[in-house]
Amino acid sequence: MKINLFLALGILSIVACKDAHPVIQMSAEDSALFAKAHENAILANEGFIRSEDFVHGWLQEADPESGLIPRNLQTDTDIWNAKDAAADNYPFMVLTSFFTDKALFDGTMLYMLHAEKKLTSRVNSLPDTYSFSKKDFQNEKLDMAEIIFGTSEYIKDGLLPLTEWLGKSPWSERMMEMLYDMKNEVNVADGISRDGSNATREEVNGELLQTLSRIYWMTGDERFLDWAVAIGDYYLLGDHHPTKDLDYLRLRDHGCELISGLCELYVSTSFAKPNKREAYKKPLHEMMDRILEVGRNADGLFYDAINPQTGEIVQERPADNWGYTLNGFYAVYLLDKNPKYREAILKIYSNLNKYTNYDWENGSADGYADAIEGALNLYNRIPHPSVAKWMDSEIKVMWAMQQENGIIEGWHGDGNFARTSIMYNLWKSKGLYVKPWRDDLFMGAEQKGDSLLISIKSELPWKGKLYFDKPRHRENMKLPMDWARINQFPEWFTADIDREYTLVDYDKSEPTKYRGNQLIDGIDIELEDNKRMVVY
């Protein structure tokens, strides 16, 4: 199939070439799409500026000797820990610098990784909390349950998203060494709970299910799938069924991971162990059906927590993580085609306007981050104008919470601000990005069937490369399908390595042919003030 790409460099609504070249007329429809692409570019530019400001704000607070950032800025200023600083904040400083500052990415961010590995590894490669003032572990006594929990958080929330975007890197190597060492310490996490109300056991097992269901495909190592199956058997084939046997099921963060994790395992076994998929099908559907029956409010949003056996609502507040849970539902829908799982998404779509400027987490930006990400991941699969409008509204609410120094709220959840902003930016650019990035550079895109219309404008002359996204689920993760999953960065317009693409510059008389691998590796672009060019 031939794919056309339209690239507008400079001012939008370009309708003619230079006098020396033939005039290429632009349709009214394309002109409107370029206008929209330019609007997208303005939003993406703000998102990257804010993300970069977040990175520099937090780097100002780093421990001068170790280079590591503290867990929080009001309390726990003396420690770096795996479950928070490493899992939630640092990885999205890394990802931000990948897009905005190559020197920072190759320098400080990599140094922090080396320092973290050297200073915090306690049980082989598994990390423990490090004290800046003690220059040693915070606790003399080793708490293996806490180490397992911190490791699972660091892998699933931090290093796995980095790996899905970057592919093989020093961060994926850190992830894999910890995962192999973790296998020697835990099979099915049990007896892990920080307090009586927090279902940490379910969180750890859910995180492992998500991680293992993806890493199995990335590595081809059967041990990872066998490990995930052991956890799946524990919940779906044993006496720990999430809705039949548990009397407390958390449907928000720190609990909802189990639901999506079981769904991801179901998808993986569908391709790798069909007999196990058949064994899981009935108990998995029973779990999902019961959650839909007793776990939602009238608008289709999940409650924070329920007793799934009695149907009692334990915590009535709507969960900001509703999209995370529905990722799993949609993944199962793709395989089994049960319409109720797709309808659960559409029900929220029809009521989402009621949750404009909604206070998800007592005024915290983190609630907006999770809600926007959930919506964005589902919108990628089931687009709807009202959802796009809602996300455009809510991102501005979240962005307005950032302080002048770049810090958002001064705790480890600030990293989610950047993660969500980058995910939003990539939606606005359809997965494209430029290097070197500058804060006066505006790049956005709109898709029209198999064509892509891209608007780029620079206030000052700029020379660099424009990079296209690739099918990362296949190229980086080797997944058999792009199932909806927590903390992924959705794919919008992706270049296939072996496909031919045609780009026509409105400032030139002849089109240019590119292979997909060339687009992925980056094509040279040069901008001057008010330069106008269209490529398709």
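**Cavities, pocket and a sheet**

A: This is a predicted model. Searching the whole structure turns up four cavities of 30 Å³ or more.

Q: What volume does the largest cavity have?

A: About 110 Å³.

Q: Which residues are closest to its centre?

A: F48, Y433, V434, W437 and M443, out of 14 lining residues. The elements that give two or more residues to this lining are α1 (28-59), α15, β10 (433-435) and β11 (441-448).

Q: How does the lining of the largest cavity divide by class: nonpolar, polar, charged?

A: Eleven nonpolar and three polar residues, with no charged ones.

Q: And the second largest cavity, how much space lies there?

A: About 60 Å³. Its lining consists of N81, A82, K83, P127, D128, T129, E146, I147 and G150. Both α2 and α5 give two or more residues. The largest share, three residues, comes from α5.

Q: What classes are in that lining?

A: Three nonpolar, three polar and three charged residues.

Q: Switching to the largest pocket. How much space lies in it?

A: About 480 Å³. It is lined by 28 residues, and D88, D253, H254, D366 and W411 are the closest to the centre.

Q: Which elements give two or more residues to the pocket lining?

A: α2 (82-100), α5 (144-166), α13 (365-381) and α15 (414-429). α5 gives the most, with four residues.

Q: How many charged residues are in the lining of the largest pocket?

A: 18, along with six polar and four nonpolar residues.

Q: Now the sheet. In what order do β7, β8 and β9 come?

A: The order is β7-β8-β9, in an open, antiparallel sheet of three strands. β7 (249-250) and β9 (312-318) are the edge strands, each pairing on one side only.

Q: How many bridges pair β8 and β9?

A: Four, with β8 spanning residues 303-307. N307 stands opposite E312 in β9.

Q: I'm looking at D304 in strand β8. Is it buried or exposed?

A: D304 is buried, because its relative accessibility is 2% and the cut-off for buried is under 20%.

Q: What does the D304 side chain make a polar contact with?

A: The side chain of R252, at 2.9 Å.

Q: Which residues does D304 touch, leaving out those up to four places away in sequence?

A: L249, R250, L251, R252, Q315, R317, P318 and A319.

Methods. Residues are numbered from 1 along each chain as its sequence is written. This is a predicted model: local features need pLDDT of at least 70, side-chain atom pairs count only at pLDDT 80 or more; totals for chains, interfaces and linings use all residues. Side-chain values use heavy atoms; hydrogens and water are left out. Two strands pair if DSSP finds at least two bridges between them. Buried means under 20% relative accessible area, exposed over 50%, partly exposed in between (1.4 Å probe, protein chains only). A polar contact is a pair of N or O atoms within 3.5 Å; within protein, one must be able to donate a hydrogen and the other to accept it, and residues adjacent in sequence count only if both atoms are side-chain atoms. Contact means heavy atoms within 4.5 Å. On a 1 Å grid over the protein atoms alone, a cavity is a set of points where a 1.4 Å probe fits but cannot get out, and a pocket is an open set with protein on both sides within 12 Å along at least five of seven lines; lining residues have an atom within 4 Å of a point. Grid points are joined across faces, edges and corners, and a volume is the space filled by probe spheres set on the points. Ala, Val, Leu, Ile, Met, Phe, Trp, Tyr, Cys and Pro count as nonpolar, Asp, Glu, Lys and Arg as charged, and the others, Gly among them, as polar.
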